Amino acid sequence: MLSAELKKEIHDRWDARARTYDKSPGHGIHSDLEKKAWLDILSCALDHRKGLKVLDVGTGTGALALLLAELGHDATGIDLSENMLEKAGKKAREKGLKAVFRTGDAESPPFNPGSFDAIVSRHVLWTLPNPEVAIKSWAGLLKPGGAIVVIDGNFSMKNRSLGQKAWRLAAMPLILVTEFRDPRMGNLDMNGQLPMRKRRRPDADLSLLRAEGFEASVSDQVIPRRYSLLNYLKYGHGKQSMHQFVVKGVKPQ
């Protein structure tokens, strides 16, 4: 189980990352085309319904929660990082969107059973030491027939070409100088205590949902990227589009 020390390390890592989090491709939304792609993914995953109570776990700076609010849902986002949540609240005020943000652990969200019609997560399960605990907790928060939507991708360095790996290493000093952060700290390993980093995905995600009795399926999505020159130099080692998988599980009625 998650120790207090490990939880603090996770909190501190993401709290420190909040200042530049939205600048990285895959975190912030950098073009209208990219925003439309995310809106389409969320709308489709929620069967084009409106007015649902949706929880965004590990919301970070609120990207998904704010998109859900734009789609007409009652959106709540939780995160361990107060700095992330401060950014999320500021964006909500600037955009005039209604979304609730509060501190909460993705493995045990602080809500009553049956509180939500849907629970979404983006790039979150891989950061959790106890993904089975998280999925079980999320299942309990859903109403019968509710959905869990897991959005992620296989972003490991082992999936990149030699040229992409070399570009990423060469870009690290530029990230350090322009963002005042050590890019080597961008990917958590937590001494091997993050099991989803070792599992074949999305097969592992499907298995987690099916173990809770959910009917689960997966689809592939492509998110277009648009870079400024500076961001291209820093992050252009990735593809010009980001391939994501969307795993959806539906709770039995």
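Trainee: Before we start, what counts as buried, exposed or partly exposed here?
Mentor: A residue is called buried under 20% relative accessible area, exposed over 50%, and partly exposed in between; bear in mind throughout that this is a predicted model.

Trainee: OK, so where does R200 fall, exposed or buried?
Mentor: R200 has 67% relative accessibility, and because the cut-off for exposed is over 50%, R200 counts as exposed.

Trainee: And which residue does R200 pair with in a salt bridge?
Mentor: Its partner is D203, with 3.2 Å between the closest N and O atoms, and D203, at 40% relative accessibility, counts as partly exposed. There is also a network in which D152, R201 and D205 are joined by salt bridges that share partners.

Trainee: How many salt bridges are there in the whole structure?
Mentor: A search of the whole structure gives 13, including one between the side chains of K8 and D12, at 2.7 Å from N to O.

Trainee: Where do K8 and D12 sit relative to each other?
Mentor: Both belong to helix α1, which covers residues 4-17, and they are four residues apart, so about one helical turn separates them. K8 is exposed at 51% relative accessibility, while D12 is partly exposed at 33%.

Trainee: What about E9, which residue does its side chain meet?
Mentor: The side chain of E9 meets that of R13 in a salt bridge of 3.3 Å, N to O, and these two also lie four residues apart in helix α1.

Trainee: Switching topic, what secondary structure does the chain have?
Mentor: The chain has eight helices and seven strands, and of its 253 residues, 52% are buried.

Methods:
Residues numbered from 1 in each chain as written. Predicted model: local features only at pLDDT ≥ 70, side-chain atom pairs only at ≥ 80, totals over all residues. Heavy atoms only, no water. Buried < 20%, exposed > 50% of the residue type's maximum accessible area, 1.4 Å probe, protein only. Salt bridge = Lys/Arg side-chain N within 4 Å of Asp/Glu carboxyl O.
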